[in-house]
Amino acid sequence: MIDLRSDTVTTPSPAMKAFMLECPVGDDVFGEDPTVTRLESLAASMFGMEAALFCPSGTMTNQIAIKAHTQPGEEVICDELSHVYQYEGGGIAFNALCATKLLKGNMGLLKACQIEEAINNPLDVHKPKTTLVSLENTSNRGGGSCYEMDDLNQIADCCRSNHLKLHLDGARLFNALVAKKQQPCEYGKIFDSISICLSKGLGAPVGSLLLGTGKFITQSRRIRKVLGGGMRQAGIMAGAALYALENNVERLAIDHQHAGKVAEALRRKDFVKEVVNPQTNIVLFKVSHTTNAAEVVNALKQQGVLCLSINRNTVRMVTHLDLSAAMISDTIEAINKLYI
């Protein structure tokens, strides 16, 4: 089967496995795993931030950041499509005990003017105090859409002038960096905290990093422990993440090219109503009124191609480093054969 359900399905390459086995390990809860320390130092320096924390998942890094930036009863602003709201099990309410204000952005992306209008008056005791803005780049439910640096800088200015913290869910941030030709250090100047995932397009089997100031990461380390995220000999997993950062970033452009080819094939089909132009490695398409997303997903499965329906009318396909050019050609051939 050709698996386009998500870039989370990637598996470690032989070279990555060999690198993992050679990495020295220690007890990371004691701060004694040299490979974890090396990974955290590398990531922090890439983004020009003081420190980093290695965690099992992006959900954990996001939830730690939200908890660290807020107090119970306060409010978090995010887009209605954002991962922190849609896919983290109500963690903002469960972990941080905070309210959420959802904004309707453009393909998951917000503007500074929207955020400015959404901030509660801090003197109004009837409303929760707005303290945090969380952005997502790229936007998963937005079809891999990416922020422009001008928009991010305007949002950062808005947050600073209103004394708000700014967090980035950068699960697919490296896709955005490659697509927009941006530099990691630009992000380190804008955000108070950044979460980056290593187990999607970069191909590591597990792990995410949370970046911020030294004080923030010290606080986050305590929250990680409370959430059960303290790991012992984590260097083997950190080794995979190191390999991913050092070898698999620039090649993300190939995934973006593959997504563009798949999107072009879909545009030629009668059962496809609309294809969202892919900026990175996610292809979203809406089906016509004569069918539904589940039917299309099942038909493609019969052709040997796996993908996901994200609602009744929309199908998602995600390209990644485990898909060869030949597999993309086979996927396009399967699409061409499909008549619904």
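Predicted model: local features only at pLDDT ≥ 70, side-chain atom pairs only at ≥ 80, totals over all residues.
## The seven-stranded sheet

Seven strands form an open sheet with mixed pairing. Their order is E2-E8-E7-E6-E5-E3-E4. The edges are strand E2 (51-55) and strand E4 (99-103), and each of these pairs on one side only. On average, neighbouring strands in this sheet are turned by 20 degrees against each other, direction ignored.

Two pairings can be followed in detail. Strand E7 (residues 193-197) runs antiparallel to strand E8 (residues 208-212), and four bridges link them. Here Cys 197 has Ser 208 of E8 as its bridge partner. E8 also pairs with E2, again in the antiparallel sense, over five bridges.

## Strand E2 and its cover

Ala 51, Leu 53 and Cys 55 point one way. Ala 52 and Phe 54 point the other way. Residues of both groups are buried.

Helix H10 (residues 214-226) lies across E2, E7 and E8. Its direction makes an angle of about 20 degrees with E2.

## The H2 and H11 helix pair

Two packed helices are described by the angle between their axes and the distance between the axes. For helix H2 (residues 34-46) and helix H11 (residues 235-247), the axes come within 8 Å. They cross at roughly 30 degrees. The crossing of H2 past H11 is left-handed.

Which residues of H2 and H11 meet? H2 contributes Thr 35, Val 36, Arg 38, Leu 39, Leu 42, Ala 43 and Met 46. H11 contributes Gly 235, Ala 238, Gly 239, Ala 241, Leu 242, Leu 245 and Glu 246. By type, the residues of this contact divide into nine nonpolar, three polar and two charged.

## The four-stranded sheet

A further open sheet has four strands in the order E9-E10-E13-E12. Its pairing is antiparallel. Strand E9 (272-275) and strand E12 (308-311) stand at the edges. Each has a single partner strand, so one side of each is left without a neighbour in the sheet. The twist from one strand to the next averages 35 degrees.

Inside this order, strand E10 (residues 282-287) and strand E13 (residues 314-318) pair in the antiparallel sense over five bridges. Leu 284 has Arg 316 of E13 as its bridge partner.

## Two buried aspartates

Asp 3 sits in strand E1. Its relative accessible area is 14%, so Asp 3 counts as buried, the cut-off being under 20%. The side chains of Asp 3 and Arg 5 are joined by a polar contact of 2.6 Å. Leaving aside neighbours within four places in sequence, Asp 3 touches Val 9, Leu 306, Val 318, His 320 and Leu 323.

Asp 7 lies in the loop between strand E1 (2-3) and helix H1 (14-22). This residue is buried too, at 0% relative accessibility. With neighbours within four places in sequence again left aside, Asp 7 is in contact with Arg 172, Ser 199, Lys 200, Gly 201, Asn 281, Val 318, Thr 319 and His 320.

## Backbone features in loops

Where is the cis peptide bond? The bond from Asn 137 to Thr 138 is cis, with omega near 0 degrees. Thr 138 belongs to the loop between strand E5 (130-136) and helix H7 (149-161).

Two residues other than glycine have a positive phi. For Met 107, phi is near 55 degrees. Met 107 is in the loop between E4 and helix H6 (112-118). It is partly exposed, with a relative accessible area of 32%. For His 163, phi is near 60 degrees. His 163 is placed in the loop between H7 and strand E6 (165-170). At 71% relative accessibility, His 163 is exposed, because the cut-off is over 50%.

Note on methods:
Residues numbered from 1 in each chain as written. Heavy atoms only, no water. Pairing = 2+ DSSP bridges. Axes fitted to C-alpha atoms, helices over the stretch in contact; angles between N-to-C directions. Contact = heavy atoms within 4.5 Å. Left-handed = near helix turned anticlockwise from the far one by under 90°. Nonpolar A, V, L, I, M, F, W, Y, C, P; charged D, E, K, R; others polar. Buried < 20%, exposed > 50% of the residue type's maximum accessible area, 1.4 Å probe, protein only. Polar contact = N/O pair within 3.5 Å; in protein donor to acceptor, adjacent residues only side chain to side chain.
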